[in-house]
Amino acid sequence: MIDLHTHILPGMDDGAPEEGEALSMACLAVEDGISHLVATPHVVEGRFCPTRGGILQAVARLNELLVQYDLSLKVLPGAEYRLEPDLPDRLARGELLALNDGGRYLLVELPAAFVPPYTERVLYELQLRGITPIIAHPERNAAFCRRPALLQALVSRGVLAQVTAGSLTGMFGREAAGKAFYFLERGLAHFVASDAHSSTGRPPVISPALKEVECRLGDEAARWLAENSRRVLEGRGIAVEDVPERRPGRYRGFLQALLGKLGR
C-alpha cells in the first residue's frame, strides 16, 4: 500500500518531534503493509516554513535511518501547502515540492472553517502550469461539508481530493465519517491517506479505512483508491470518469429498507 500524506519528518512541523518517533511511525506503517509513504510537512506562512531543499535533505536522512534499522519502507518527498494566493508564483520560482518530486500533483490544504474566495483562481493557475491540485481532507472543511457543490465544482474542473483514513474509521467523529463516505460515493474524493502525525493518536495506518470502504462501497472502489495512489507516485493520470459504481453501504441499505417498511 501507499500513503500519500504523512507528517513523519522529525521536527519539521506538528508531526514527529524527533527521529525516535519517526521510526516508531515507520514501524507502524510497515506493520500495516505500507511500502511507500510520502512525507508531506505543513508549509504555512508564518508558522511552518520548510523549504524544498530542507524537505529533500530530511527525507534522505530518514531513509538512511530506515536502512540502518532494517525497515522495509521507502519515504518519498512532498509537502502539504496551505492554499495561499501566491502559490502559482512560488511554483514558477521552483519553490514548491510536488508529491514524489514528480512535478505533477500538489497537496494543498484549505482552512478548516471556510473556502477562501481566491481558491478557484489559485487552483486554476496551478493547473495552467501543469499541476493537478489534490485537496487534503475536504471532509474536515466546514464549507465543503455544508455545501458539497463547492467541492463538486472544483472536481468538475480537474481538481482531486483525498480523504483521511481516520475519518473513515470514526477518529474525527460521525460527521467527518459521513462526509468522507458521501464524497467517495459521489466521486468527489479520489484517495485515502493517513495524514499521520504520530505513532499513537494519528498513526500511519490505512488498511482499516480501506476495509471500511470495501464493506460499504465494494472491493472495486477500494482497489481504485489504492491504484490512484500508485498512479500519483508514477506520475500517471487519474481517470475521474472511471470511478467505479458504488454499491449502497450496508448501513444505508438497512436504513432504506427500514424506511420502506415503515412507509407501507
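## Charges over rings

A charge sits over a ring if NZ of Lys or CZ of Arg is within 6 Å of the ring centre and within 35 degrees of the ring normal. This is a predicted model, and here is what turns up in it. R140 has its charged end over the ring of F172, at 4.3 Å from the ring's centre.

## The aromatic pair

Y182 turns up again here. The count of aromatic pairs comes to one. Its members are Y182 and F183, with ring centres 5.9 Å apart and planes at 75°, so the pair is edge-to-face; the cut-off for that label is over 60 degrees.

## Helix α6 and its buried side

Helix α6 spans residues 148-155, and its buried residues are P148, L151, L154 and V155. Those four cover an arc of only 120° around the axis, which puts them on the same side of α6.

## Where α9 meets α10

Helix α9 (residues 207-217) and helix α10 (residues 219-234) have axes that come within 6 Å and cross at roughly 140°. On the α9 side, L210, V213, E214 and L217 make the contact; α10 brings D219, A221, A222 and L225. Sorted by class, that's six nonpolar residues, two charged and no polar ones.

Notes. Residues numbered from 1 in each chain as written. Predicted model: local features only at pLDDT ≥ 70, side-chain atom pairs only at ≥ 80, totals over all residues. Heavy atoms only, no water. Buried < 20%, exposed > 50% of the residue type's maximum accessible area, 1.4 Å probe, protein only. Helix = DSSP H or I, 4+ residues; strand = E, 2+ residues; numbered from the N terminus. Arc of directions from axis to C-beta. Axes fitted to C-alpha atoms, helices over the stretch in contact; angles between N-to-C directions. Contact = heavy atoms within 4.5 Å. Nonpolar A, V, L, I, M, F, W, Y, C, P; charged D, E, K, R; others polar. Phe/Tyr/Trp six-rings, centres within 6.5 Å; stacked < 30°, edge-to-face > 60°.
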